[in-house]
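Please examine the sequence and the three-dimensional structure shown below. The paragraphs that follow lead through selected parts of the structure in turn.

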Amino acid sequence: MDDRYFPETVEHEAQAYWDENRAFEVREDPSREKFYCLSMFPYPSGKLHMGHVRNYTIGDVISRYQRMRGRNVLQPMGWDAFGLPAENAAMQNKVPPARWTYQNIDYMKAQLRQLGFAYDWSREFATCRPEYYRWEQWLFTRLFEQGIAYRRESEVNWDPVDQTVLANEQVIDGRGWRSGAVVERRKIPQWFLRITGYAEELLDELDHIDWPEPVKTMQRNWIGRSEGTDIDFEIEDPRGDDHPPLRVFTTRPDTIYGATFMAVAAEHPLATKVAARREDVSAFVEECRRGGATAAELETMEKRGMPLGLNAVNPFNGERLPVWVANFVLMGYGTGAVMSVPGHDERDHEFARQYGLPIRQVIAPADDTVVDIRTTAWTDKENAVVVNSGAYSGLGFRECFDRMAHWLEETGRGARRINYRLHDWGVSRQRYWGCPVPIVHCDACGMVPVPDDQLPVLLPEDVDIEGGGSPLARLPEFVQTTCPKCGSGARRDTDTFDTFMESSWYFARFACADAETAKLDERADYWMPVDQYIGGIEHAILHLMYARFYQKLMNEAGLAKAREPFASLLTQGMVVAPTFFREENGAMRYYAPADVEVEHDGKGGIIGARLNADGGPVEVGPIEKMAKSKNNGVDPEQMIARYGADTVRLYIIETSPPDQMLEWSDRAVEGASKFLRRLWRIVRVHVERGSVPELDVKLLDGPGRELRCRIHETIAKVSDDVGRRYKFNTACAACRELVNDVMAFDASTDARKSVVREALESVVLMLAPVVPHVCHTLWQALGHHDPVIDAAWPVADEAAMSRDVIELVVQVNGKLRGHVSVDAGAEREVVEREAQRNDNVARFIGEKPIRKVIVVPGRLVNIVV
C-alpha cells in the first residue's frame, strides 16, 4: 500500500472494482432475508446540496451494514423528474424542460457516483420517461372507471396574464410571481382522487408502523378526525325568499346557546344568492375570492365580514342569529358555514369584538372559577359545565353532547357525524411538464378513458413553453383525437398530473423497474414494503400521506400485497451553517463561507470574520439551514475535491445523530480527514512489520487480554448503535477510541501483534459502511482477497469481554476525582475501601464526614460528603 493516503486514487480504485463487478446489483432470493433501504429520490435540480449528501449517506450506511449482516439488500436510485422548476428554468434558459432535466440527471448521477453510494443502478429510472408514466396512466383509467378518480370544479389561484394556475406560494402580495398580475380566484374543472374514502384506515394504521411520533402526529392532525353533529338552521329572509336550511358541522354542540351569529364562506350558495342583488356584498365576495387564503393563513389574517340581511333560527331556543359572509370561512372545509360562538372560540371572539357582536358565556369552569369572556374566549371542555343553556345547564361536555345529538336526530334537525379535515387529493395541474391525464373528451360520450393499447399518452418533449396557458392546449396534434367509444372527433385532456402522483409509487416500481407488461409484478411482493425509508420531515404530510394512499389503491387493484409502503421511517435533520453578511444600500448581502476567513476562539466558536476579497469585516449572522437565499451552502464537489468522498461521509455521519440537526464546520471536516490519514498510517505500519500469526487467546498477556476486551466491547457497542439505535455518531466515536487504544498499545510480541491485527480488522469492518473506499483498500492491505463489501459484520465475543479486573470512575459529590481498579467480583466493601484510598479522592474528602457511598456495579463510585 502507498505510504500516504491519497483519497482520489483510493476512491477511483474502489469504485472501479464495484462497477466492474456490478457489486450492488441484486436479485430476488427467497432463501435470504431481504432488506429494502430507500432514500427519497431527488428532483434533478442541477447539483447536489449537502442535504442530499446527508440523506443518501445515512441510507448508504444502513444498506452496507445490512449487507454485512447477510441480508439481501436493495438500495436503488432514480429521479423525480417532472415539476414546475423545470418549466421555470426552461423559460429562463431558453431550453425545453426535457433537455434541462436530462442534463441535470447526468450531472447529478456523476456526483452520486463520486460519493460511492451502493446503488443498484440497473433499476434507475426517471419519472418523466413514458415507460414509467405509462403505468401511472394505466391505473388512473381504472380508478376513473371505479369512481375513485373524478372531475369537478374547484377554486384555484388564476394568473390572468400567464393564463395558468398558481400554487399558493407563487402568489406574492396578491400578484403572480412571474407576471405581476393581480391573481384571481377562479373555478375550473380539476381532477381528484377520493382519498377521503380511506381516511379511517390511514388514521388507524399509523398505530402499526414504525415511524417517528412527530410524523404520525402530523398525519393524524392532517386527517383531522373529529366527532360532532350536523345541525340545520332554518333561514328567514325579510324579502320572503325561500332558502334551504343552513347546515353546519360542529364538534361543540354544547355551546349552541352561546351562538350569536352565523358565518358563511364567500363561495357559499347563500352568499352568492345575496351577492346577485346587493352590490356591496358582491364586491366583498369578489374581494375574498381575489385574495384567496389557505387555512394556515386564516390564522393570522385580519378577520373581515359583511351581514347578508338574513337570520338563522337556532333550533334549540328559536333565537334569530344574523348571517354574515366572512373571509375566515373556507368553502372547502366542513359545509362552508359555521355556528359562531364568540365566548368560546378565539376566532369568533376576534370577529365579534371587531364588529360589536354579542359575546355570551355558556360554558364555565366546573370548580366555579370566574372567567372573563369579554377579554378572551374560554375554550376548555374537559373541566367545564354547561351554563345559561336551558335544560342542559349543569351538564358536562360528554353528557350534554349525547343528549343534544339525540334530540337533533329525534327531531330530524341534525345527526351525529364523523368529520375529517382531509380533503380529496387534487391531482391535476394546468402545466406542461408532467404526465398527461389519459382522458378524452367527446361531445357525444362525455369523458372516456384512453384504452390500454393507446397508452402511454405521450408528452411532447420538444415544446415551446413561452406564452400564456398550457402549451399542450396550443398543440392541435396533441389535442385533436378520436373518441375511443364512438370514433368521432374528440379532444384530449390537456391537464397533467401533480408530481406527487409519480412519487407515490416509485418505490414499488424500483422492485421491477424493467417490467414491460405490467405496472408491478411478483418481484414487488418480494421487496415491499420498504424496510427503511429515509427523508426530511417536511414530507410528513403530503408525500408520505399520498404514498400510503396510493399503496392501498395498488393493493386493491391486485398489484401489491402490502397495504403500507414503508415499514420504518427515519427523518434526517437539517444541515445548517453560519451566515455572513454586510448591509449594503439598505439590503443584506450574504457571502458564501468559502469566501470568508473566520476567526475562532479557543473553544472553536466564531468570534469574527473577514471577506477574502477585500480583507474587510463581515457580520456573523445566525446559524441557519443551508439555503441559496443566505448563500451559506457548502458545495459537496469542492469538499470531495479537497478531502475525498470518505472524509465528507465520515464527517456527516459522526457529527450528530441522523435525526438531529447537523451544524457544518470546516474545522471538523479537517478533523475527519486527519483521522482517516491516521488510520491509514497505523495499518501501513502494522503491515510493514511483517506476517502476523493466528490469534491464540491463550498466549495473550494482561495488556493483550485488555485490548481484546476493548475490541469486543467496541464491536458490541457499535453493532447496537448502528443496527438498533441508529446512533452512527457514537459508533464512529467508539471506533476512534479503539484506534487510540491501538496507537497506545505496545505490540512487541507476536501474540500482541495478532490482537492488534484483530483490532484493525474490526475497525475496518465497522467503518466500512461509513468510509467504504478507504476500507476497501485497507482490508486488502490486511491480507484479505475478498472485498470488504462481502465480509461479515464482526460479532462480539462474550468471553473476551469478561474482565478479571475492572476500572471504576470515582466521584466526590458527583464530580470526577479519580479512577480505581478492582477485581471484577470484588465485594462492595472492598470497592468502597479502594475508592477512598485513591490519593486524589482522599484529598477532596479531606476531614469532611462521608454521608453515604453510592456504588453502581461495574461503572462508578460516588462518595457524598
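**A strand and its partners**

Lysine 852 has valine 864, in strand E37, as its bridge partner. Helices (H or I, at least four residues) and strands (E, at least two) are DSSP runs, numbered from the N terminus. The structure is a predicted model, in which local features need pLDDT of at least 70 and side-chain atom pairs count only at pLDDT 80 or more, while totals for chains, interfaces and linings use all residues. Residues are numbered from 1 along each chain as its sequence is written, and side-chain values use heavy atoms, with hydrogens and water left out.

Two strands are said to pair if DSSP finds at least two bridges between them. The hairpin of E36 and E37 has three residues between the strands, and glycine 858 there takes a positive phi near 80°. E37 also pairs with strand E34 (residues 805-812), in the parallel sense and over four bridges; here valine 809 has leucine 860 in E37 as its bridge partner.

How many of the residues of strand E37 are buried? Five of the five residues of E37 (residues 860-864) are buried, so the strand is largely enclosed by the rest of the structure. Buried means under 20% relative accessible area, exposed over 50%, and partly exposed in between (1.4 Å probe, protein chains only). In a regular strand the side chains alternate between the two faces of the sheet. In E37, Leu860, Asn862 and Val864 point one way, whereas Val861 and Ile863 point the other way.

These strands can now be placed in their sheet. Four strands form an open sheet with mixed pairing, in the order E35-E34-E37-E36. Strand E35 (815-823) and E36 are the edge strands, each pairing on one side only. From one strand to the next, the twist averages 20°. Eight bridges connect E34 and E35 in the antiparallel sense, and valine 805 has aspartate 823 in E35 as its bridge partner. Helix H24 (residues 828-837) packs on the sheet and touches E34, E35, E36 and E37; its direction makes about 110° with that of E36. Such angles run from 0 to 180 degrees between N-to-C directions, and axes are lines fitted to C-alpha atoms, for helices over the stretch in contact.

A second open sheet, also of mixed pairing, has three strands in the order E32-E26-E33. Strand E32 (624-625) and strand E33 (662-663) stand at its edges with a single partner strand each, so one side of each is left without a neighbour in the sheet. Strand E26 (residues 575-577) and E32 run antiparallel and are joined by two bridges. Within this pairing, valine 576 has lysine 625 in E32 as its bridge partner.

The next topic is the packing of helices. The axes of helix H18 (residues 645-655) and helix H23 (residues 772-781) come within 7 Å and cross at roughly 115°. Ala645, Asp646 and Arg649 in H18 meet Pro772, His773 and Val774 in H23, where contact means heavy atoms within 4.5 Å. In helix H3 (residues 84-93), the buried residues are Ala86, Glu87, Asn88, Ala89, Ala90 and Met91. Helix H4 (97-114) is among the elements that cover the buried residues of H3. Just after H3, lysine 94 takes a positive phi of about 60°.

Asparagine 55 is found in helix H2 (residues 50-68). Asparagine 55 counts as buried because its relative accessibility is 6%. Leaving aside residues up to four places away in sequence, asparagine 55 touches Ser39, Met40, Ile534, Gly535 and Gln572.

The last topic is a pocket. The second largest pocket is lined by 37 residues, of which Phe249, Tyr333, Val338, Asp345 and Arg347 lie nearest its centre. On a 1 Å grid over the protein atoms alone, a pocket is an open set of points where a 1.4 Å probe fits, with protein on both sides within 12 Å along at least five of seven lines; lining residues have an atom within 4 Å of a point. The largest share of the lining of the second largest pocket, four residues, comes from H11.
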